[in-house]
Amino acid sequence: MKTLRNIILATSILAATLATPFAMAHASLKSSNPEAGVSLAVAPKAIALTFNEKVEEAFSSITLSDSEGKAVAADKAKVDAANPAILRLEVPTLNAGAYTVSWAVAGHDGHRRKGDFKFTVK
C-alpha cells in the first residue's frame with residue numbers, strides 16, 4: 001500500500017513538472033501604454049500592448065470603446081515589426097472621458113487569451 005502511494009505521488013509530481021512549461025506557454029500581458037487605470041492629460045495616439053511572447057496578428061485584436069461601449073477606433077491592431085510581442089492600435093483623436101481597451105491574442109501555441117482595462121482622458 002505504501003509503495004502504491006509513493007508511485008502515485010511520484011507520478012503526480014512528474015506530471016506537474018512536465019505540464020508547467022505548457023501552462024506557462026500562453027501569451028500574457030506584461031505591460032500597456034497607456035497603463036491600466038491611468039488618467040491622462042493628453043489623449044494617446046495609439047494603444048500598445050506588450051506580451052511575454054510573440055503574438056499572431058491574424059488571431060489578435062484590440063478594441064477601444066468609449067464609456068457607452070461604442071467602438072471608437074476602426075483600424076485593425078498590428079503586430080510591431082521590430083518586436084512581435086507588441087500589438088498596436090492607432091486611435092483617432094479622443095475626447096475627454098473614460099475608455100475601455102479590450103484585447104484578445106493568440107500566442108505561438110494557438111491558445112487565445114483575453115483581457116481588458118480602462119483609462120481616462122481628462
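Helices (H or I, at least four residues) and strands (E, at least two) are DSSP runs, numbered from the N terminus. With that in hand, the elements of this protein read α-β-β-β-β-β-β-β-β from the N terminus on, which is one helix and eight strands. You are looking at a predicted model, where local features need pLDDT of at least 70, side-chain atom pairs count only at pLDDT 80 or more, and totals for chains, interfaces and linings use all residues. Residues are numbered from 1 along each chain as its sequence is written, and side-chain values use heavy atoms, with hydrogens and water left out.

**The protein as a whole**

- Of the 122 residues, 32% count as buried; buried means under 20% relative accessible area, exposed over 50%, and partly exposed in between (1.4 Å probe, protein chains only).
- The accessible surface comes to about 7,900 Å², and 59% of it belongs to carbon and sulfur atoms; such areas come from the Shrake-Rupley method with a 1.4 Å probe, and for residues only the protein chains shown count as cover.
- A contact means heavy atoms within 4.5 Å. Among contacts between residues at least 6 apart in sequence, 60% join residues at least 24 apart.

**How the strands pair**

- Strands of a sheet pair through backbone hydrogen bonds, either parallel or antiparallel. Here, two strands pair if DSSP finds at least two bridges between them.
- Four strands make an open sheet in the order β1-β3-β6-β5, with antiparallel pairing. Its edge strands, β1 (29-33) and β5 (78-79), each pair on one side only.
- Within that sheet, β1 and β3 are antiparallel and share four bridges; Leu29 has Phe51 of β3 as its bridge partner.
- β7 and β8 pair in the antiparallel sense over ten bridges. They form a hairpin with five residues between them, and Gly110 in the turn has a positive phi of about 85 degrees.
- β8 also runs parallel to β2 (residues 39-40), joined to it by two bridges; Ser39 has Thr120 of β8 as its bridge partner.

**The nonpolar core**

- A nonpolar core is a set of buried Ala, Val, Leu, Ile, Met, Phe, Trp, Tyr and Cys residues joined through side-chain atoms within 4.5 Å.
- The largest such core has 21 residues, and those with the most contacts inside it are Ile47, Ile62, Leu64, Leu89 and Phe119.
- Two or more residues each come from β3 (46-51), β4 (61-66), β6 (86-90), β7 (97-106) and β8 (112-121). β7 gives the largest share, four residues.
- Setting aside neighbours within four places in sequence, Ile47 touches several residues, including Pro34, Ile62, Leu89, Val101 and Phe119.

**Aromatic pairs**

- Rings of Phe, Tyr and Trp (its six-membered ring) pair if their centres lie within 6.5 Å; planes under 30 degrees apart count as stacked, over 60 as edge-to-face and the rest as tilted. By this rule there are two aromatic pairs.
- Phe51 and Trp103 are edge-to-face, at 5.2 Å centre to centre with 70 degrees between the planes. Phe51 lies in strand β3 and Trp103 in strand β7, so this pair ties together parts that are 52 residues apart in sequence. Both Phe51 and Trp103 are buried.
- Tyr99 and Phe119 have ring centres 5.7 Å apart and planes at 25 degrees, so they are stacked. This pair links Tyr99 in strand β7 with Phe119 in strand β8, 20 residues apart.
- Tyr99 and Phe119 are both buried, and Phe119 is also the bridge partner of Tyr99 in β8.
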